[in-house]
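Biologist: Please take a close look at the charged side-chain pairs in this model. I would like to know how each is placed.

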Amino acid sequence: MVRRSPSRSRSVFLFTFPLSSSFRVLEIFRAPKPVTSPVPVQWYPALSALLLVGGLFFTAFFFIYEATSSTRNRSLAKEVVIAAVASTFLGFGSLFLLLATGVYV
Amino acid sequence: MDSFRSNCCCTRRCLQIDVTAPITRVFLTLKVENAGTSEVSEVLVAFPPTEAEHLAILKASVAEGKRKKKTYVPLSVNPSGSPDAPNDAQLYSVSLRSPLKSGEATTVEVLYVLTHLLEPFPAEISQSEPQLVYYRDSATLLSPYQIVEQITSIKTPSNKVESFTRVDPTSRVGSELRYGPYHDHGPYSYSPVIVHFENNNPFAVVEELVREIEISHWGSLQIRDHYKLKHAGARHKGVFSRHLLIKLPPRVHSVYYRDEIGNISSSHLHIDSQKSELEIEPRYPLFGGWKATFTIGYGLPLQDFLFESHDGRRYLNFSFGCPLIETMVDDLTVKVILPEGSRNPTAAVPFPVDQHLEMTYSYLDVVGRTTVVLQKRNVVPEHNIPFQVYYDFNPIFMFAEPLMLISAVFLFFVACIAYVHVDLSIGKSS
């Protein structure tokens, strides 16, 4: 008489969902759509390595530009653009690094 | 609704009580006949106040179909307040699928689980003595109806029964004690009996369990279970060093078992395609009355548990209850930590729980994560059924975390630019 609930959570959902919710008949027989990460999880380590290398490349570019230009030739617009690109790459790279090591932020 | 009480009568009642563990399971078969003139749409089940306190779960179902194709259809059960129940008896009403007409009969199967009903007597024993417990119940069912015929059978874990109250006719066969059949007992009749028997099964009780389920939309569900385990048998009785089994979903990763001192290495994990089993041993053997506190954590893939419903809301489908098999929990708290930026959280749980909202602060948080807290007392393995937590989430909020990191790095670059452009020399450069 005691019903054992099956271990697969997806199939159990269809039978034990409370009937008091506003669920139309047709929708009960359509499997629910699972939510996944926007980026496939297997790509995280490779993606983080790639983005961090790119970010460090642009950081190097930025500092070389600072070191080799004098006060007169320096263009603020160019500096800001290189800094923005470098920080985007480094920002995303560090996010994927955190995710790849298991710190799911 | 007073008229139906004299109209209905129970023609047969079979009760099977299983007292092999600290959890008492009672299977009740009620054959109800409508002896009155009006239709009856519910069946009442009564409990004495001492049993009602220990009631963990009450389920009812009705069998449909012929012998081979019998299916059990669950019925909804609600507490019903009947003010004229004698001596504070608690009543629960089982709603029938279709009203019972006059002269008709139906069979209702009721299962209820009681906790902490077995009292160790004597309360303190030496290590070599067997553990004896008291079980108190009634030989006749406490019911608002007149019962035409009833039988009660109590199943004990072994043949060793020290003593039991005799309410004729009583018979005992091996490990089964039978009271009945009794005929024509009026409503609310109660004949207390006490059974004193040997129960050497180790009593593992989780006093407090706090489960934290953290949802991260980047692909993982992180769960941390904080256990406070107690050996609830008679004091000084034997050693509880049996392996505890924890049932986990399949595709689990990064499982750890630690306590305040550090990692506990006495554990084994078996993973297969249908389920995972974690076998753990406490750090030290538990004697009667001893406690152990530990934490078990693991990660699960998001797509097995988080879904999107048709109206756009996301929901988590997870199983309530304790993953430790065949153990009861005195106080269970489930905290579902929703990602930052979630709005309108609601929880759909098949049985009554206490709910409230909290804020949790975790990695890269600005406003904090909304947490849905569900609390329940007296949780038994029958509560291991799925529940859902719904919330609204705009995917644009996922950019908040990388944007925070990008702006932090950009601030560093802006500082470099500012340093290069600012003239810090003291004298004028010629």
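Modeller: Both Glu382(B) and Arg25(B) are buried, where buried means under 20% relative accessible area, exposed over 50%, and partly exposed in between (1.4 Å probe, protein chains only). This is a predicted model, in which local features need pLDDT of at least 70, side-chain atom pairs count only at pLDDT 80 or more, and totals for chains, interfaces and linings use all residues. Residues are numbered from 1 along each chain as its sequence is written, chains are lettered from A and ligands numbered from 1 in the order in which they are written, and side-chain values use heavy atoms, without hydrogens or water.

Glu382(B) and Arg25(B) form a salt bridge, N to O at 2.7 Å. The term needs a Lys or Arg side-chain nitrogen within 4 Å of an Asp or Glu carboxyl oxygen. This pair links distant parts of the chain, 357 residues apart. Glu382(B) sits in the loop between β30 (369-379) and β31 of chain B. Arg25(B) belongs to strand β2, residues 23-34 of chain B. Helices (H or I, at least four residues) and strands (E, at least two) are DSSP runs, numbered from the N terminus.

Next, Arg251(B) and Asp304(B). Their closest N and O atoms are 2.9 Å apart, in a salt bridge. Arg251(B) lies in the loop between β19 (244-248) and β20 (253-258) of chain B, and Asp304(B) in the loop between β24 (291-301) and β25 (306-308) of chain B, so the pair ties together parts 53 residues apart in sequence. Arg251(B) counts as partly exposed because its relative accessibility is 41%. Asp304(B) has 10%, so Asp304(B) is buried.

Chain B also holds a network. Salt bridges link Glu212(B), Glu214(B), Arg224(B), Asp365(B) and Arg369(B).

Now chain A. Arg74(A) and Glu79(A) meet through their side chains in a salt bridge of 3.8 Å, N to O. Arg74(A) and Glu79(A) are both buried. For context, an unreviewed UniProt entry places the feature "transmembrane region" at residues 43-68 and 80-104 of chain A. Its positions are in the numbering used here, feature names are shortened, and annotations may be inferred rather than shown by experiment. Residues 43-68 of chain A are 96% helix and 0% strand, with end C-alpha atoms 37 Å apart.

Finally, the tally. Over all chains, a search of the whole structure finds 20 salt bridges.
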